[in-house]
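I opened this structure to take notes on one side chain, one interface and one chain. The entries follow in the order in which I looked things up.

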Amino acid sequence: MRSMRVPRSPKVLVGLCILGIFILLTLIGPWIAPYDPNDTSFVPNLRPSWQHLFGTTTLGQDVISQLLVGCRVTMVVGFIAGTLATIISLVVGLAAGYIGGRTDEGLSLLSNVFLAIPGLPLLIVINSYLPAGEQANPLVVGLVIALTGWAWGARVLRAQTMSLRDRDFVEAARIIGESRWRIMLGEIGPNLLPIIAASFLFTILYSVGVYTTLAFLGLTNVATWNWGTMLYWAQTNNAALANEWWWLAPPGIAIALVGTSLALINFGIDEFINPRLRAAGLTARQRRRVGMARRPRLGFTPVQRSEVRKKGASS
Amino acid sequence: MNEDSLVPVLDVTNFSVDYGYGDDAVRAVSDVSFSLGRSQVLGVAGESGSGKSTLVYGLTRLLRAPGVITSGEVTLHLAGERNGEAFNVLTASEDELRQVRWSQVSIVMQSALNALNPLRRVGKEFDEVLRRHDRTSSKTARQERAIELLALVGLAADRLQRFPHELSGGQRQRVMIAMALALRPELVIMDEPTTALDVVTQREIVSELYELRQKLGFAMIFITHDLSLLVELADEIMVMYAGEIVERAPAVELHGAPRHPYTLGLMNSFPPLQGDRVRMTGIPGSPPNLKSPPGGCAFHPRCPSAHDRCRTQAPPLVAIEDGHRSVACWLHDSSSTEVVPVSLSRRAASRIGQGA
Amino acid sequence: MRTALRRLGIYVFTAWATITANFVLPRLMPGNPIEQLIGKLQGRVTPEMIAAIKAQFGQGLNEPMWVQYGHYWGQLFHGDMGVSITLSAPVSQVLSSQMWWTIGLIGTAAVVSFIIGTALGVLFGWTRGSRADSIIPVATFLQSVPYYFLGTILIMLFAGTLHLFPIMGAYDSSLNPGWSWAYIASVLRYAELPLTSIVLSSLAGWMLGMRNMMVTTVSEDFVLMAVAKGLPRRSVMWHAARNAVLPSVANLALTIGLLVSGSLLVEQIFNYPGVGNLLVSAVGNEDYPLLQGIFLMITFTVLGANLLADILYYVLDPRTRTASVN
C-alpha cells in the first residue's frame with residue numbers, strides 16, 4: 001500500500017545534494033586541502049584570494065585547509081553519535097512499545113529523564129570528568145553525545161511500535177509462534193523505517209551541533225581540527241571584533257548547511273509519514289502552467305471549466 | 001409529498017469534479033444533473049469512492065484541494081430574507097458564499113467527534129453560529145435558542161456546558177444536527193451522519209430526522225452507503241458509481257425494483273432494518289481505480305449481466321418507464337436483445353408493497 | 001489528575017537522578033578525575049580548600065559509599081554545594097548572585113521567540129501554498145545556525161563594525177546597580193543584542209514546527225466545519241490555531257532543554273554575566289564543585305519550566321481535565 005519512496009520534492013533533492021557534497025568532502029577533504037592546516041607560515045589576516053581561497057587566520061593559517069580537514073572529524077563524530085543514539089533509541093523504543101507493562105514503565109521513565117535533563121550541560125559535566133586523552137578521542141566523545149541524545153527518538157519509536165503492535169500482520173506472526181525478537185525486528189522494524197530514518201537524521205543533526213559546540217568551548221582537543229575548533233580559535237582571537245568574516249563564516253555556514261541539508265531531507269520523510277503535510281496544492285509555477293489564477297483556498301473550491309483543459313484520465 | 005416540492009431549492013446541471021490538475025487530473029464526479037424541491041429528501045447512495053461525498057462538497061464549494069470543479073451550473077434558490085433569489089454557487093465570491101453558508105445550506109459530517117472543535121464547549125459553538133447570523137442578538141437570547149435547538153433533538157440544556165469528548169457518539173451527532181438547523185436553512189446536507197454510530201442509535205436518529213423534516217420543512221441530501229436507511233427517509237434516491245449516476249428513482253420504487261445491477265448488489269450488501277432475513281451477497285470485486293477507469297460501462301468488470309457492448313460503450317443515463325425514473329444500463333436499452341434478469345425486470349416491481 | 005501526578009513523579013525522579021549523577025559521576029569516572037585535580041591544586045590553594053574538596057568528593061575517606069551519599073544529601077538540604085575553587089566562595093552564593101541574569105535573559109528570549117515563532121507558524125501554515133512558502137528554506141537554514149555563531153555574526157555586524165550596540169557585560173560599568181532608571185535602561189540596552197541572537201536562532205524552530213502542526217490541523221473536519229458555518233476567515237484560522245498550538249506546548253519539554261543549552265553559550269559570546277558564562281569558566285578551570293552546582297541549577301530550572309509548560313497544557317486542553325478521556 002505504502003511505497004517506500006520518499007517524495008521527490010525539490011526540498012529533499014536539494015538536501016540530498018548538499019549532504020552529498022559534505023559526505024564527499026568527508027572522504028576526500030584532507031587530500032584536497034591545499035596546505036597543512038597547522039602551518040602558521042603564511043601572512044596572517046589575509047582576505048580571500050586565489051592563493052588562499054578563504055583567506056588566512058590571525059595565526060597565519062590557511063582557512064580553507066582547516067575547513068576541509070575539519071570536515072572529516074566533524075562529520076564522523078556526528079555520524080558515530082547519530083548511529084549509536086539511533087541504535088539505543090531503537091532498542092529502547094521497540095522494547096518499551098512492544099513488550100509493554102513493567103518494561104515499558106521503566107524504559108519510558110528513563111527516556112523521560114533524559115529528555116528532561118538539558119543535554120549540553122550534562123554532556124559538559126560528563127566530558128569534563130573524562131581523562132584529558134579521552135576528550136580528544138572522537139569515538140569517546142561520540143559515545144557520550146549518543147548517551148545524551150537518544151531519548152527523543154526512543155519516545156517517537158515507542159509510540160509508533162505501540163500502534164503497530166495490534167495490527168493484523170503482527171497478530172498473525174504472534175499466532176504462528178514467531179519469537180518476540182523476530183517479530184520486533186522482522187515484522188515491526190521494517191514498518192518503522194521512515195521514523196528510524198527521521199530519528200537518525202535528527203540525531204546526526206543534534207550530534208554535529210553538540211560536537212561543534214563542545215569544540216567551540218575548547219572542551220575537545222583544540223589541536224584536532226573540526227569546525228567547532230576553528231570557531232574556538234576565531235573567538236579566542238577576537239575575529240568578530242576584528243571583522244575577519246572570512247575566518248568566522250566558513251565553519252559557521254558549513255555547520256548550518258549540514259544542518260539544513262539534514263532538515264530538508266527530514267521534511268521529505270515527515271511528508272511521507274504524515275500525508276497531510278504533502279503539498280496538496282501546487283507551487284506557484286505549476287499553477288501558472290495549468291492556468292490557475294490563485295492558490296486553492298479552504299472553502300472556496302476553484303472552478304476551472306474543462307473547455308480550457310484536457311481530460312487527462314481518459315487517454 | 002406536497003406542492004412545495006415543486007418549488008426548487010437546488011438545481012444542478014452537468015456538474016463535474018476533478019482531483020488534481022493538468023495531466024494528473026482524475027475525474028471524480030462526472031456530468032451529474034439533478035434538481036431538489038423544497039422539503040424533499042434526496043438520498044445519494046454508493047460505495048466509498050463512488051464520488052457521492054465529492055459531489056456534495058463540490059456543490060457547496062467546500063471540497064478541499066486538489067479538488068477542482070470542471071463543469072456545470074449549481075443554482076441555489078434562496079429563502080428567508082432573500083426569498084426567490086437564484087444564487088449561482090459557482091460564480092459567487094468568497095464573501096457571497098459566506099453569506100449563504102449555514103443560513104441557507106448547512107452540513108452534518110460523518111464523524112461528529114472530528115467536526116466539533118475539541119477545545120470548545122458545545123454552548124460556545126452554538127453561540128458562535130447564532131451570533132454570526134444575528135449580531136444584534138443578546139447572549140441570553142442566543143442561549144435560549146441553543147436550548148430550544150437541543151430540545152428539538154432530545155438533548156437536555158446542560159449539554160451546552162459539555163466538551164465534545166464528554167458526550168456519547170449519538171449525543172454528539174444530535175448536537176451537530178441541532179446546530180445544522182440553528183439558522184433554519186433551506187437545505188441540510190447529511191454526509192453519512194449515522195455511519196459511525198451503532199445500529200440502534202442510527203435508527204433513532206433517522207426517525208428523528210424524518211420528524212424534524214416534517215416539522216420544519218427543510219430539504220435534505222442524505223448520503224449513505226446503506227440503501228435500506230434511505231428507503232424510509234428519502235423521497236428519491238440517486239445511486240452513484242465511479243463518479244456517475246447509474247440509477248435514479250423514487251425511493252420506494254428503487255428499493256422494490258432496482259433496474260441497475262449495481263443497485264441490486266448494493267441492496268444485497270446490507271440487511272434490511274425490518275422484514276425477512278435475506279442472504280447477503282454483496283458485490284464481487286472492488287470499485288474501479290479512477291486513474292484508469294475501465295472502458296465502456298465502469299461497472300462491467302463486476303457486473304454479472306455484462307455483455308460485449310458494456311465493455312466498449314458507456315451507457316448514458318436515460319429515462320425509462322414513463323420518465324419518472326432513469327438508469328444508465330444497456331440492459332434497459334430499447335435496442336438491447338439481452339435477457340434482463342428477473343431481479344432487474346419490470347416484473348420484480350410486483351414485490352413493492354410486500355414490506356421491503 | 002493521574003497524568004498530572006505521573007508527570008510530577010517523572011520530574012521528582014529526574015531531580016533525584018540529577019543529584020545522584022552529581023554524586024556518582026566523579027566517583028566512578030575512569031582515571032579518577034578528582035585525584036588528578038587535587039594533584040594539580042597542591043600548593044596553589046589553601047590546605048583547607050583541598051580538605052574541603054576531598055570531603056566533598058569522598059577522596060581518602062574510609063566511609064562506605066552509602067554513608068557518603070547520605071552525608072551528600074544532608075549538605076544539599078542545607079543548601080551547601082561546596083566551595084568554588086576558582087572564586088573561593090560558596091557555590092550557592094555564586095549561583096544565587098548570577099542566576100538571575102541568566103533566567104532573565106533566557107526566560108525573556110524563550111517567551112518572546114515562542115510567541116513570535118508560533119504566531120508566524122500559524123500564519124505560514126494557514127497560507128500554505130502561497131508565495132510565503134519560500135520562507136521555509138530560509139527558516140530551515142536559520143534553525144541550523146548555532147546560537148553562538150549567530151551571536152558572533154551579530155557582534156561583527158552591529159557592534160564591531162557599526163558600533164550600534166554595546167558588546168560586553170550586562171550593564172554600563174560606570175553605573176551603580178540599583179533601581180535607578182539609568183541602570184535599568186542600561187540593562188535593557190545591553191540585553192538587546194544577546195536577546196536578539198537567541199530569539200533569532202530559536203524562532204525558526206518554533207515557526208517550522210508550528211507551521212507543520214497548523215497544516216495538519218487545517219485538514220481536520222472541524223476547520224472545514226467552521227468554513228461551512230460561514231465564519232469569517234479570521235475565526236476559522238483561530239479555530240485551527242488554538243488546536244495546533246497544543247502539540248507545540250506539549251513539545252516544550254524537549255525544546256526548553258535545547259533552548260537553554262544553546263543560550264548558555266550566547267552568554268559567553270557577549271561576556272554576559274550568568275550561569276552559562278560561569279559554566280564555561282568552571283569547565284576551563286576544572287572547578288568541579290561549581291560545575292556540579294551549575295548543572296543542578298540548570299536542570300532544576302529546566303524542570304521548573306517543564307512543569308510550567310505542563311500547567312499551560314492543562315489549562316489549554318479541556319481533555320486533560322476530565323477523567324472520561326483515556
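**Entry 1: a glutamine in chain A**

I looked up Gln66(A) and found 1% relative accessibility, so Gln66(A) counts as buried. Buried means under 20% relative accessible area, exposed over 50%, and partly exposed in between (1.4 Å probe, protein chains only). This is a predicted model: local features need pLDDT of at least 70, side-chain atom pairs count only at pLDDT 80 or more, and totals for chains, interfaces and linings use all residues. Side-chain values use heavy atoms, with hydrogens and water left out; residues are numbered from 1 along each chain as its sequence is written, and chains are lettered from A and ligands numbered from 1 in the order in which they are written.

Gln66(A) sits in helix α2 of chain A, residues 63-99. Helices (H or I, at least four residues) and strands (E, at least two) are DSSP runs, numbered from the N terminus. I then listed contacts (heavy atoms within 4.5 Å). Setting aside neighbours within four places in sequence, Gln66(A) touches Pro37(A), Thr57(A), Gln61(A), Trp225(A), Met230(A) and Trp247(A).

**Entry 2: chain B against chain A**

How many residues does each chain bring to the contact? I noted 30 residues from chain B and 21 residues from chain A. The buried area is about 2,100 Å², with 52% from carbon and sulfur atoms. Buried area here is the accessible area (1.4 Å probe) that two parts lose on being put together, summed over both. In chain B, Tyr21(B), Arg61(B) and Glu94(B) lose the most area to chain A, together 31% of what that side buries.

I counted two salt bridges between chain B and chain A. The criterion is a side-chain nitrogen of Lys or Arg within 4 Å of a carboxyl oxygen of Asp or Glu. Arg305(A) and Glu73(B) form a salt bridge through their side chains, at 3.9 Å, N to O.

On the chain B side, β2 (26-37), β4 (67-77) and α2 (94-100) each give two or more residues. The largest share, seven residues, comes from β4(B).

**Entry 3: chain C**

I finished with chain C, which has 13 helices and zero strands. Its C-alpha atoms fill a box of roughly 80 × 60 × 40 Å, taken along the principal axes. Of its 326 residues, 51% count as buried. Among chain C contacts with a separation of 6 or more, 74% join residues 24 or more positions apart. Chain C exposes about 14,600 Å², and carbon and sulfur atoms supply 67% of it. Accessible areas come from the Shrake-Rupley method with a 1.4 Å probe; for residues, only the protein chains shown count as cover.
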